[in-house]
Amino acid sequence: MPESNDILTAIPPFSVAALPRILFGEGSIERLPAELVPFGRRILLITGGQSFLAGPHWARLGRALEAQGLEWEQVGIGGEPSPAQVDAAVRRFMCSSIDMVVAIGGGSVLDAGKAIAGLLPSGRSVMDHLEGVGPQLPYEGPSLPFIAVPTTAGTGSEMTKNAVLTQAGAGGFKKSFRDERLLARLAVIDPQLLRSCPAPVMLGNAMDALTQLLEAYVSTGASVFADALAESGIKAFAAGFTADPEQPVRDFSCIAYAAMLSGICLAQAGLGAVHGIAAPLGAWFSIPHGVACGTLVAAVTRGNVQALRERAPQSPALRKYARAARLLRGEELRGEELRGEELSDADTLVELLESWVGRCRLPSLASFGVAASDLAHIVAASGGNSMKTNPVVLTRQELRSILAQRL
């Protein structure tokens, strides 16, 4: 009879990064005004241009904020946020006695809000703190309280300490301002906010969420804690996704839940080569992040599986790829280890992802202006923290082959 603590010794050590307080579920947005009162009275509201303000939820929310005695200033963020946009907002509002920053929108809006909240108290430029750019000074804080309300389901930014900013064009970059003090104090995930999201945006966001779940699941930074959440998220994604470009979601709560977990998992375990490659593609060719992920995930998964079989056949990532295929097919997982023939489900996963690229009519990289002559430059810039936790080190030739498949 084993000792009661034997089961604990079978679980490898792991750590858990901080998380926001989470309100999840239909109607959660109605609780937001009362939840903001403890943070103060004056809000800097970050939204995506005019989309949310012109939608069905703002009029009721605005009245509820007023009823709580709250005041607000508003900033619109169109497209992916740039360092210049963040710095401009900080300069404009740093003397306005702002108590909190509330971001309501997609991942770009949340990233901008996170960075602005972190810099308003000091007035510093975000360029001082971006990874791999400028002086890379340590961030000393403090940050204003940041509250995140996603209206799309993809990046999981509401769960992370990363504010991703983009300097577009030749010589541009896509880099993170990253610190635990930037983490949202509160994340409100209301699936009903996704219903007004345009289908093409929803499709790209959903594919980004799936990519984050898969990459975190097979990451070298994975743990039993993150794995459990990733499996739950992949299962929810399968239940909510249709791969129909006109109506990609059958259950918004499942997709919202999967996206939320994808953010938690990336914060706990890291990502992989899809995100390592997507960064220069987004900066230099203005490819929407979710589209880049959806276009690349099958090719990267194929490349990883091939490299693992050749160089690390005992890697747990191969088993996890096979398990992910079963989850996406709606099958229940068994507790025992998969046998050799069942590990071929990793190939089934690649086939399934490839079929979604076709069914979703995801565009080629060439349609955004990427040419064969660009590949070496893209590969050279594909790195950062995401590439460090890919389950296998891919050679430059392997990365180039992956990109070539998507031209």
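Modeller: The account below starts with the sheet and then turns to other parts of the chain.

This is a predicted model, in which local features need pLDDT of at least 70, side-chain atom pairs count only at pLDDT 80 or more, and totals for chains, interfaces and linings use all residues. Residues are numbered from 1 along each chain as its sequence is written, and side-chain values use heavy atoms, with hydrogens and water left out.

The sheet is open and has 6 strands in the order 1-8-5-4-2-3, with parallel pairing. Its edges are strand 1 and strand 3, each of which pairs on one side only. Neighbouring strands of this sheet are turned by 15 degrees against each other on average, direction ignored. Strands are DSSP runs of E with at least two residues, helices are runs of H or I with at least four, and both are numbered from the N terminus. Two strands count as paired if DSSP finds at least two bridges between them.

Strand 8 (residues 186-189) pairs with strand 1 in the parallel sense over 4 bridges. Within that pairing, Val 188 of strand 8 is the bridge partner of Leu 23, and Ala 187 of strand 8 stands opposite Ile 22. Strand 8 is also joined to strand 5 (residues 146-150), by 2 bridges and again running parallel; here Leu 186 of strand 8 faces Ile 147. Both faces of strand 8 are covered: Leu 186 and Val 188 on one side, and Ala 187 and Ile 189 on the other, are all buried. Buried means under 20% relative accessible area, exposed means over 50%, and partly exposed lies in between (1.4 Å probe, protein chains only).

Helix 3 packs on the sheet, where it touches strand 2 (42-47), strand 3 and strand 4 (100-105), and its direction makes about 145 degrees with that of strand 3. Helix 4 (residues 83-93) lies across strand 2 and strand 3 and runs at about 155 degrees to strand 3. Contact is taken as heavy atoms within 4.5 Å. The angles run from 0 to 180 degrees between N-to-C directions, with axes that are lines fitted to C-alpha atoms, for helices over the stretch in contact.

Gly 69 sits in the loop between helix 3 (58-67) and strand 3 (71-76). Gly 69 counts as partly exposed because its relative accessibility is 38%. The C-alpha atom of Gly 69 is separated by 45 Å from that of Phe 285, 216 residues apart along the chain.

A further loop, between helix 1 (6-9) and strand 1 (21-24), holds Val 16. With a relative accessible area of 44%, Val 16 is therefore partly exposed.

Ser 262, by contrast, lies in helix 8 (residues 252-269). Ser 262 counts as buried because its relative accessibility is 0%. Leaving aside residues up to four places away in sequence, Ser 262 touches Gly 154, Ala 209, Gln 212 and Leu 213.

Strand 6 (residues 162-167) and strand 7 (residues 173-178) run antiparallel and are joined by 6 bridges. In this pairing Val 164 stands opposite Ser 176 of strand 7. The two strands form a hairpin with 5 residues between them, and Gly 169 in the turn has a positive phi of about 100 degrees.
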